[in-house]
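I set down here what I looked up in this structure, entry by entry. The coordinates are consulted directly for each point.

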Amino acid sequence: EATMYDRTTQLKKLLHATDSEISDRETIISMLERAISGMIKNSAHWTYDINRHIALIHALEIEIAQ
């Protein structure tokens, strides 16, 4: 749910994004898409984190909707 999404905190945590990156929505969407793609490629690896994957997808959905 969007009300539980603290944009700055979540993006810094998920992407290690800087303030200047966070201010540019297109950059953030691109970063999220790359991160999700990387998660998919590594989904069979033992370090795969489904919760992070879900959080990235959730963040992307919110960013696109705004």
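Which residue caps the N-terminal end of H3? I worked from a predicted model. I found that Asp 24 provides the cap, with a side-chain oxygen 3.3 Å from the backbone nitrogen of Glu 26.

**Entry: overall chain**

I counted four helices and zero strands in the chain, and the order of elements from the N terminus reads α-α-α-α. I then checked the overall dimensions. The C-alpha trace spans about 35 × 25 × 20 Å along its principal axes. Of the contacts with a separation of 6 or more, 44% join residues 24 or more positions apart.

**Entry: helix H3**

I took H3 next, which covers residues 25-41 and has 17 residues. From first C-alpha to last, H3 reaches 24 Å, close to the 24 Å expected at 1.5 Å a residue. I listed its buried residues as Ile 28, Ile 29, Met 31, Leu 32, Ala 35, Ile 36 and Met 39. These residues cover an arc of only 165° around the axis, so they lie on the same side of H3. On the face turned away from that buried side I found the exposed residues Glu 26, Arg 34 and Lys 41. I also asked what the buried side meets: its residues pack against helix H1 (7-15), helix H2 (19-22) and H4.

**Entry: helix H1 and the residue after it**

In H1, I recorded Arg 7, Leu 11, Leu 14 and Leu 15 as buried. Their arc around the axis is only 75°, which means that they are on the same side of H1. I saw that the buried residues of H1 pack against H2, H3 and H4.

I looked at Leu 15 separately. Leu 15 is buried at a relative accessible area of 13%. Setting aside neighbours within four places in sequence, I found Leu 15 in contact with Ile 28, Met 31, Leu 32, Ala 35 and Leu 56. Among the buried residues of H3 are Ile 28, Met 31, Leu 32 and Ala 35. I also took one distance along the chain: Leu 15 and Met 4, 11 residues apart in sequence, are 18 Å apart from C-alpha to C-alpha.

His 16 follows H1. I noted a positive phi of about 55° for His 16, although this residue is not a glycine. His 16 sits in the loop between H1 and H2, and I found it exposed, with a relative accessible area of 66%.

**Entry: Glu 63**

Is Glu 63 buried or exposed? I found that Glu 63, which lies in helix H4 (residues 50-65), is buried, with a relative accessible area of 0%. I then listed the residues in contact with Glu 63, leaving aside neighbours within four places in sequence: Tyr 5, Arg 7, Leu 11, Arg 25, Ile 28, Ile 29 and Leu 32. I cross-checked this list against the earlier entries. Arg 7 and Leu 11 are among the buried residues of H1, while Ile 28, Ile 29 and Leu 32 are among those of H3.

How values were computed: Residues numbered from 1 in each chain as written. Predicted model: local features only at pLDDT ≥ 70, side-chain atom pairs only at ≥ 80, totals over all residues. Heavy atoms only, no water. Helix = DSSP H or I, 4+ residues; strand = E, 2+ residues; numbered from the N terminus. Buried < 20%, exposed > 50% of the residue type's maximum accessible area, 1.4 Å probe, protein only. Contact = heavy atoms within 4.5 Å. Expected span 1.5 Å × (residues − 1). Arc of directions from axis to C-beta. Polar contact = N/O pair within 3.5 Å; in protein donor to acceptor, adjacent residues only side chain to side chain.
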